[in-house]
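Dear colleague,

I am passing this structure on to you, and I would be grateful if you could look it over before reading my notes. The notes come after it, so that you can check each point against the coordinates.

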Amino acid sequence: MMRVWAPPFLLAILLCALSAGMPILEPLYEWVQPDKQQVIYERDSFLFLLQNHITLVLISACIGTITAVAGGIFATRPAGRDFLPLVSQIASIGQTFPPVAVLALAVPVLGFGEAPILVALILYGLLPILRNTLAGLQGVDPTVKEAALGMGMSPLRVLLQVELPLAGRVILAGIRTSVTINIATAAIGSTVGARTLGDPVIAGLVNGNTAYVLQGAILIGLLALTVDSLFEAAE
Amino acid sequence: MSIARPKSALSSPNRVVPVLGLLALVLVWVLDLGAILPNRIVPGTGHGLLSAVGWVGATLVTGALIGCLLLSVLPLRSRYLTLLILVSVSLALLPLLLDVFAARHLPENSPYARSSIGSGFWCLLFLLSLMLIEIFGRLGSGRGFQLIVLAGICGSWVWLFQGAGLESLSLVREFNAQPDKFEQALWTHLALALGAVTISAGLAFVLALQMIRSVAWRRPVLGVVSFLQTIPSLAVFGLLIAPLSALTEAFPVLQTLGIRGIGWAPAMLALVAYSLLPMVRNTYVALTEVPESLADAGRGMGMNERQLFFKLKLPLALPVIVEGVRITTIQAIGLTAVAALIGAGGFGSFIFQGLGQAAMDLVLLGALPTIALALLADALLTTLAVSLRPKSATV
Amino acid sequence: MIELKNVTRRFGQAVAVDSINLTIETGEVCVLVGSSGCGKSTTLRMINRLLPHSAGEILVDGEDITTMNPEKLRLNMGYVIQGTGLFPHWTVARNIAMVPALLKWPQARIDERVHELLTLLDLDPAIHAGKFPQQLSGGQAQRVGVARALAANPNILLMDEPFGALDAITRENLQQELLRIQQQVRKTTVFVTHDIDEALKLATRIAVMDQGRIIQHDTPENILRRPASEFVENLVGKQDRGLKLMSLRRVGDLMQRYPQPVNPEPGVEGVQEDDSLRLALSVMLWQENGELPVFNGEGAKTGVITRERILQAGA
């Protein structure tokens, strides 16, 4: 049990330590970028950026999961069956859209700042969850459902006690995919005004300061690895 | 995915199209169809449906939507065919709305004034497209037919956009300002994305063969490529800058080849790295999918390993490999757009330039072609994959 | 008691069940038999309202099922299907406990019942209660399926080709189990099968169905002796009937009994009182002997059975 949760735990500690204590590595960065005065990104603290980044991804993951799972459940019920073909098609076509394009499209509609990012993250992030919810629910053995109904379970109970638990694995995999993509998209979100771990990278690219870029990149990479190993442990 | 539809269902009303149609009706009346901008930077004044296209236009649009509603509810013999004609014609002629809008409202003497597409138009476009998808699904038409209809609609749009009426559209203005840059961005984008896919396809093939030959390679290879995939692209691009700059400083000869810390070199490297996971996984699965019993049957009849490979394993593996190429290509097109941040060019440069200048239609000029490229690649490669499937699967 | 009055089921234009009338007495095993598509499964699933009937009335113990809450109706009916439908994410014990848990029985009572049923179906609770369905063999899984159906002690048992997916030996074992259980608990059972031998073995009465209609509803013996139509005749096997009839009757009914049981001669093979006449004939043929000793449960010889008596009884 400890073995399983050790990697994410250790990674998380490393992530927080580095966010809080990046200045410790100043000499390293000076070596990388000898020609700049300031080598540690200072406009916002790394901890703040990390926190913001995680908050954005977390909110969009929660809203996205609720919407996608609800939509998936609706489309697989008798009442919503008419909508199933369209919903399936949307879920698969939507994944062809590059995330950065979806993010960019949100700006003309919603302006700059956190709002377009959140909307783009939610809309784009719910697609893999929706696809996996549909696949998971449709993959439940029909004889099991028939037996449950035939024995006297109400349709609601069948959904809660049979279908969702059996589809749970697949849905979780969808959430994992969604969160991984969203971490990457949120990083790019700094170009539209959200304050995330992508800020030092963008600032570094604009000013030609490789040290900044490195700092941002390392933290983003660490965050992604931590979250991924968390999901790995949960499975 | 096909769903069996008994003949009797054709007479039962469709519930999806009315919902979409009703939503479109509400949104197109509530939201702005377009806006007039006095110049590139200042946000303009929005115009609702009635103001934008007048009574005639508004009636046509409302009429078309109500037509869709009625057609899906009334019991008709060829309901879906009629709906298809109505919706596809509406989609094809949609830019005319913008044409009329510009003609009515564009101020006469301002060379900088321009029109811009409003959220009402976008919603109408989106919902009509959803209706089209639903109708295609219900008709059960073949891919060829669907592609023809789509090509017709796109052709109509291209033709309309070349006309003088839409010249004042902000989007068109941005394009006209730098048509060469647009073309260059197109080629750069394609070169990067397709180049990365090709290189990773070759690498993946080699790796997959190696993984088949020796078990010890399997987990490490898969582990490394999955690891690469988890790290967000921006981070990878960023991480490659420092070592590549150091490398090119140490070996100036590389600079003459155009390799630098930023630009196409780190972009290509990262793109190949990202493309490896889907390609390696798909190629490996494709080549190992053939059950040993089939292979044994072939051997028993006298085929040698080489014949077995080319006549049995490869044809069966091809559809799965093409599917892997499809996923990888779509991913690469999206990542190339991000690579614009490190100077690689491509459509992403329009997106980020636009964001930097707060010029929304420049952003659109970058985002829309990226999406179009991805959808095009998807359509082409899916058709290819379907045509490569063994014919017996359709019995 | 279950009554079907003029029950019809339509799928669009097609008629799956055509105005059938059927009465199933309390405690009887009614087997619906027929080839694929004859409407037997459809009929079964109308009884527990998994399918609504298009016309007619279905009464369970005098009450119209359309007036009852469907879940309440089904909680009082055990339902066993081909492929078991056991929940793969629940243990065997939890699967069996499903309906009692829905009925909110106290946990102690549930545990006791699970234990009782596993033992009844010849599965050691200590070994099997904690297993998952995937870990069971086909026969074991179906036993659990039957246990689950019996758990809340329903008045009615509905079984839809429950043994169809099993190999011949397991199938026979389970059929024997069912007969044994039925002797103990006497549940009103509706059993669907396409296998006429299974029907003959298990049924109190058989309803032969074809194209949505009941062709004949009668005891197994009458179906064999007086088939209502050529279809039924072909179904039971025109020329096989004689032997099939023999398998319905016991040696004990036709033997010549001694006043007292006697000790058997060593090394002589015979038949048991409970064995079928068909088995006795088979042994006679094998031994090339027209007369066989008959033994009772304790191994004592209680009489003889002769070939002539058997052949006479066939008429």
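This is a predicted model: local features need pLDDT of at least 70, side-chain atom pairs count only at pLDDT 80 or more; totals for chains, interfaces and linings use all residues.

**Chain A and chain B**

The size of an interface is often given as the accessible area lost when the parts come together. For chain A and chain B the buried area is about 3500 Å², with carbon and sulfur atoms giving 85% of it. The contact draws on 41 residues from chain A and 39 residues from chain B. On the chain A side, A:D82, A:L86 and A:T96 supply 16% of the area that chain A buries against chain B, which is more than any other three residues.

Across the interface of chain A and chain B, three residue pairs are in polar contact, with both residues of each pair at pLDDT 80 or more. The side of chain A that touches chain B takes at least two residues from each of helix 4 (84-94), helix 5 (99-110), helix 8 (155-188), helix 9 (198-207) and helix 10 (210-234) of chain A. Helix 10 of chain A gives the most to that side, with ten residues. Sorted by class, the side of chain A that touches chain B has 30 nonpolar, nine polar and two charged residues.

**Chain C and chain A**

Chain A is also in contact with chain C, and here 23 residues of chain C meet 17 residues of chain A. Chain C and chain A bury about 1700 Å² between them, and 69% of that area lies on carbon and sulfur atoms. The count between chain C and chain A is one salt bridge, in which the side chains of A:E146 and C:R45 meet at 3.1 Å, N to O. Four residue pairs are in polar contact across the interface of chain C and chain A, again with both residues at pLDDT 80 or more. On the side of chain C that touches chain A, helix 2 (70-75), strand 6 (77-81), helix 4 (98-102) and helix 7 (138-150) of chain C each supply at least two residues. By class, that side of chain C has 13 nonpolar, five polar and five charged residues.

**Strands of chain C**

Strand 6 of chain C, one of the elements that supply residues to the side touching chain A, has five of its five residues buried, so it is largely enclosed by the rest of the structure. Both of its faces are covered, with C:M77, C:Y79 and C:I81 buried on one side and C:G78 and C:V80 buried on the other. Strand 6 of chain C pairs in the parallel sense with strand 7 (residues 156-160) of chain C over five bridges, and C:V80 has C:M159 in strand 7 as its bridge partner.

Seven bridges join strand 1 to strand 2 (residues 14-24) of chain C, where C:V7 stands opposite C:I20. The hairpin of strand 1 and strand 2 of chain C has two residues between the strands, and C:G12 takes a positive phi near 65 degrees there. Five bridges join strand 1 to strand 4 (residues 55-60) of chain C, with C:E57 in strand 4 as the bridge partner of C:K5.

Further along chain C, four strands form an open sheet of mixed pairing in the order 11-14-13-12. Its edge strands are strand 11 (256-262) and strand 12 (271-272) of chain C, each of which pairs on one side only. Within this sheet, strand 13 (residues 291-295) and strand 14 of chain C run antiparallel and are joined by five bridges, and C:P293 has C:V304 in strand 14 as its bridge partner.

**Two single residues**

Leaving aside neighbours within four places in sequence, C:T302 is in contact with residues including C:M255, C:Y258, C:E273 and C:F295.

B:G152, by contrast, is found in helix 6 (residues 143-162) of chain B and is partly exposed, with a relative accessible area of 41%. B:G152 and B:V253 are 101 residues apart in sequence and 50 Å apart in space, C-alpha to C-alpha.

With best wishes

Key
Residues are numbered from 1 along each chain as its sequence is written. Chains are lettered from A and ligands numbered from 1 in the order in which they are written. Side-chain values use heavy atoms; hydrogens and water are left out. Contact means heavy atoms within 4.5 Å. Buried area is the accessible area (1.4 Å probe) that two parts lose on being put together, summed over both. A salt bridge is a side-chain nitrogen of Lys or Arg within 4 Å of a carboxyl oxygen of Asp or Glu. A polar contact is a pair of N or O atoms within 3.5 Å; within protein, one must be able to donate a hydrogen and the other to accept it, and residues adjacent in sequence count only if both atoms are side-chain atoms. Ala, Val, Leu, Ile, Met, Phe, Trp, Tyr, Cys and Pro count as nonpolar, Asp, Glu, Lys and Arg as charged, and the others, Gly among them, as polar. Buried means under 20% relative accessible area, exposed over 50%, partly exposed in between (1.4 Å probe, protein chains only). Two strands pair if DSSP finds at least two bridges between them.
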